[in-house]
Amino acid sequence: MASIGIVGAGYVADYYMRSFETTPDIEVVGVWDIDPDRLSVFCTFWDVPAVNGMAELLAKAPDLILNLTNPDSHYAVSLACLESGVSVYSEKPLATRFDDARHLHEVATRKGLMLASAPCSLLGETAQTVWKALREQAIGTPRLVYAEIDDGFVPRAPYDQWRSESGAPWPAQDEFAVGCTLEHAGYYLTWLIAMFGSVKRVVSASADVLGLTLEDGSEAAPTYASASLFFEGGVVARLTCSIVAPHDHSLRIFGDEGILEVGECWSNDAPVRIRRRHVLRRRLLDSPVTRRVRLRGPTHPKVGRRGATAMNFALGPQEVLAARAEGRPCRLDADLALHLTEVTLAIQNAGDRAGGQVMTSRAPAMAPMPWAVG
């Protein structure tokens, strides 16, 4: 039985707790939150033990700490855990500054600890199906990727009514302060990094096209960003994030022999389809009919839809714990977390004059999940 401690009992914590129902070999040994009322409600709802502070939680010596605090606290909380000798799985982003992310990477490496960050959808059935199709040359050589993570006109949505399963409000101010790109780009970036290698160069632009102002009077993070990403494997991808354009979470990978298509990155079992090209009367046409690609046999436990997502959030912590127990490299390791942070910050912070940015970090080659091989 592996043990986990949780820091942060807010909105996203409920997704993890519901997902942990699929992992009976993981025990939550303690939860801490700076809001005592929220902590009490959360622990009562999920029947897990509350602790009186970080020191008490770390004293339990859990195998892994889940850092589910607000993004501005990610660095400090993760650093405290690592310096105490406890491995960390952090919600995204790993840190809001690249220097802080690099420091976490250095500490984890020096102490021989695991450090990973969300998202973990790369380990899900949909991403692994796309990856297997690419390995098998289902669309020939991949050349170009279009990835969209547009969430609709969120500022006009009734987000003040959004509640998690145990009643936590959606953290609107944190979301607007951190930005949709830093929060969401990783859902497709991790897929693309695993499939096509590290990002060599980012050419991006970003802006707050809405002129949002936070409650403290400061400006919001960019509400729109678009980047061209140049991967070591030779593929080029265009990634767009916004909370302005109509909801679109689609992925299209264009190859010599056809197109791989996914409609949703926030679902572990979203259909993966191949669209072929045909020549008809001297015209090249994309087929109106697609063929669904499936993996054979069982994959991983699924979690029903909760709000906008249908993802098993436990896949990430479970991978870290399994790698630790088996003495093997973790698919979601510190190098990947650092590279993801650098690339995402380069996209979000580009503004209108950054131009091309050369990445300094690299992510190692990754093995697919065992059930997605063969």
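The structure is a predicted model. The largest nonpolar core has 97 residues, and helix 9 gives it nine of them, the largest share. The second largest pocket has a volume of about 350 Å³.

- Strand 11 covers residues 258-262 and strand 12 covers residues 272-280; the two run antiparallel and are joined by four bridges.
- Within this pairing, Val262 has Val272 of strand 12 as its bridge partner.
- Strand 12 is also joined to strand 13, residues 283-293, by eight bridges, and these two strands run antiparallel.
- Asp286 in strand 13 stands opposite Arg277.
- Strand 12 and strand 13 form a hairpin with two residues between the strands.
- In that hairpin, Arg281 has a positive phi near 50 degrees.

- Strand 6, residues 142-150, pairs with strand 10, residues 251-255, through five bridges in the antiparallel sense.
- Leu144 has Phe254 in strand 10 as its bridge partner.
- Strand 6 is joined by seven bridges to strand 9, residues 236-242, and here the strands run parallel.
- For Glu148, the bridge partner in strand 9 is Thr240.
- Strand 6 therefore takes part in two pairings, since two strands count as paired when at least two bridges are found between them: the one with strand 10 is antiparallel, and the one with strand 9 is parallel.

**Nonpolar cores**

- In soluble globular proteins, nonpolar side chains tend to be found buried together.
- In the largest nonpolar core, with its 97 residues, Tyr89 and Leu229 touch the most other members.
- Helix 9, residues 186-196, supplies nine residues to this core, which is the largest share.
- Another core, of 27 residues, lies apart from the largest one and includes Val51, Val88, Leu104 and Leu115.
- Not counting residues up to four places away in sequence, Leu229 touches Leu189, Val199, Arg201, Val202, Val235, Val236, Ala237, Leu239, Val343 and Ile347.

**Helix 9**

- Helix 9 is mostly covered, with eleven of its eleven residues buried.
- Among the buried residues of helix 9 are Gly186, Tyr188, Leu189, Trp191 and Phe196.

**Thr344 in helix 11**

- Thr344 is part of helix 11.
- Thr344 has a relative accessible area of 4%, so it counts as buried, the cut-off being under 20%.
- Its contacts, leaving aside neighbours within four places in sequence, are Thr181, Leu182, Ala185 and Leu189.
- Thr344 and Leu182 are 162 residues apart along the chain, and their C-alpha atoms are separated by 5.9 Å.

- Helix 5 (98-111), strand 5 (115-117) and helix 11 (334-348) each contribute at least two residues to the lining.
- By type, the lining residues are 14 nonpolar, three polar and four charged.

How values were computed. Residues are numbered from 1 along each chain as its sequence is written. This is a predicted model: local features need pLDDT of at least 70, side-chain atom pairs count only at pLDDT 80 or more; totals for chains, interfaces and linings use all residues. Side-chain values use heavy atoms; hydrogens and water are left out. On a 1 Å grid over the protein atoms alone, a cavity is a set of points where a 1.4 Å probe fits but cannot get out, and a pocket is an open set with protein on both sides within 12 Å along at least five of seven lines; lining residues have an atom within 4 Å of a point. Grid points are joined across faces, edges and corners, and a volume is the space filled by probe spheres set on the points. Ala, Val, Leu, Ile, Met, Phe, Trp, Tyr, Cys and Pro count as nonpolar, Asp, Glu, Lys and Arg as charged, and the others, Gly among them, as polar. A nonpolar core is a set of buried Ala, Val, Leu, Ile, Met, Phe, Trp, Tyr and Cys residues joined through side-chain atoms within 4.5 Å. Buried means under 20% relative accessible area, exposed over 50%, partly exposed in between (1.4 Å probe, protein chains only). Contact means heavy atoms within 4.5 Å.
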